[in-house]
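This report describes selected contacts and strand pairings of one protein model. The sequence and structure are shown first.

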Amino acid sequence: MRIAGAVRTAAALAACGVLLTSCGTSDEGAKNDEGAGRAKRAGASATTDLKRIPDVGDRLQNKIPKNSRQVVAVYGEGEDSAKSTVVLYEKSGSTWDKTRSWAAHNGKKGWTTDHRENDKRSPVGVFTLTDAGGVLADPGAGLPYTQSASIQAPRYWSKSHWHDFDYVIAIDYNRAKGTPPNDPTRPQGQSKGGSIWLHMDHGSGTSGCVSLSKQGMEYLLKSLDPKQHPVVLMGDKANLEG
């Protein structure tokens with residue numbers, strides 16, 4: 001069932017004893033001067049009637065659930081690069097349409113197929129998207145949305161990071177679905193890391209999350225629909241094509 005714009009209470013979070021510590025930290029504060037140009041090039045023309053998600057090999061292509069009709073593809077520039085491009089694909093009939101793209105960042109050390117706590121790399125793979133939230137009020141999200149101050153970035157972080165979690169979409173990597181994004185449950189154990197999110201960009205690499213503009217986050221929050229079973233497909237060029 002779609003829970004349009006549902007808001008969980010901050011009290012529920014407090015009851016969990018939630019403390020956000022793991023996602024999006026970075027000691028780099030450089031602005032993403034070339035970001036707008038990368039997004040413009042990536043989204044220069046809409047591509048429709050695609051038989052499959054472009055530039056993705058069979059290994060990951062086959063992991064997209066058959067009932068999924070929305071794919072957020074994160075195309076990393078390289079295995080050790082923090083730069084990437086986010087593209088939203090939506091299925092129309094039996095084919096995919098590229099609807100929007102944005103310049104983005106991923107883990108500051110790049111990508112990995114074996115993500116570990118604090119390795120500063122983003123996990124490669126296909127993951128469902130079931131929950132969202134943020135410090136700001138629900139902008140009209142299709143996914144269940146939790147607004148809570150407990151999601152905000154710690155104030156001992158650099159000021160450039162303070163708005164990272166104004167909007168968040170939880171990536172279902174080592175987390176319990178159906179819970180607020182900052183729920184601390186780690187089904188695969190703490191060593192495998194967690195709190196891997198889509199969130200707002202601060203202009204440089206993250207601790208493992210994927211970050212994009214506020215406008216991009218608002219668009220995704222309003223577009224992703226639980227009835228369409230959205231997923232994120234993410235990785236560097238070599239791993240995506242492999």
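## A charge over a ring

The charged end of Arg100 sits over the ring of Tyr219, at 4.1 Å from the ring centre. A charge sits over a ring if NZ of Lys or CZ of Arg is within 6 Å of the ring centre and within 35 degrees of the ring normal.

## Basis of the values

The model is predicted: local features need pLDDT of at least 70, side-chain atom pairs count only at pLDDT 80 or more, and totals for chains, interfaces and linings use all residues. Residues are numbered from 1 along each chain as its sequence is written, and side-chain values use heavy atoms, with hydrogens and water left out.

Helices (H or I, at least four residues) and strands (E, at least two) are DSSP runs, numbered from the N terminus. Buried denotes under 20% relative accessible area, exposed over 50%, and partly exposed in between (1.4 Å probe, protein chains only). Strand E13 (residues 231-236) is largely enclosed by the rest of the structure, because 6 of its 6 residues are buried. Both faces are covered, with Val231, Leu233 and Gly235 on one side and Val232, Met234 and Asp236 on the other.

Two strands pair if DSSP finds at least two bridges between them. Strand E2 (residues 70-76) pairs with E13 in the parallel sense over 6 bridges, and Val231 is the bridge partner of Val71. Strand E7 (residues 125-128) runs antiparallel to E13 and is joined to E13 by 4 bridges; here Val126 stands opposite Leu233.

## Thr128 in strand E7

Thr128 belongs to strand E7 and is partly exposed, at 23% relative accessibility. Its contacts (heavy atoms within 4.5 Å), not counting residues up to four places away in sequence, are Ala170, Ile171, Asp172, Lys177, Pro230 and Val231.

A polar contact is a pair of N or O atoms within 3.5 Å; within protein, one must be able to donate a hydrogen and the other to accept it, and residues adjacent in sequence count only if both atoms are side-chain atoms. The side chain of Thr128 makes such contacts with the side chains of Asp172, at 2.6 Å, and Lys177, at 3.3 Å.

## Aromatic cluster

Rings of Phe, Tyr and Trp (its six-membered ring) pair if their centres lie within 6.5 Å; planes under 30 degrees apart count as stacked, over 60 as edge-to-face and the rest as tilted. The count is 4 aromatic pairs. One of them, Trp157 with Phe165, is edge-to-face, at 5.9 Å centre to centre and 75° between the planes. Phe165 and Trp197 are also edge-to-face, with centres 5.0 Å apart and planes at 80°.

The latter pair links Phe165, in the loop between strand E9 (145-147) and strand E10 (168-170), to Trp197 in strand E11 (residues 197-200), 32 residues apart. Trp157, Phe165 and Trp197 form one aromatic cluster.

## Salt bridges

A salt bridge is a side-chain nitrogen of Lys or Arg within 4 Å of a carboxyl oxygen of Asp or Glu. The count is 7 salt bridges. Arg121 and Asp80 form one of them, with their closest N and O atoms 2.9 Å apart. Arg121 is partly exposed at 21% relative accessibility, whereas Asp80 is exposed at 55%.

Asp131 and Arg175 meet in another salt bridge (2.9 Å, N to O). This pair links strand E8 (residues 131-134), which holds Asp131, with the loop between E10 and E11, which holds Arg175, 44 residues apart. Asp131 is buried at 1% relative accessible area, and Arg175 is buried at 10%. Salt bridges that share partners also join Asp114, Arg116 and Lys192 into one network.
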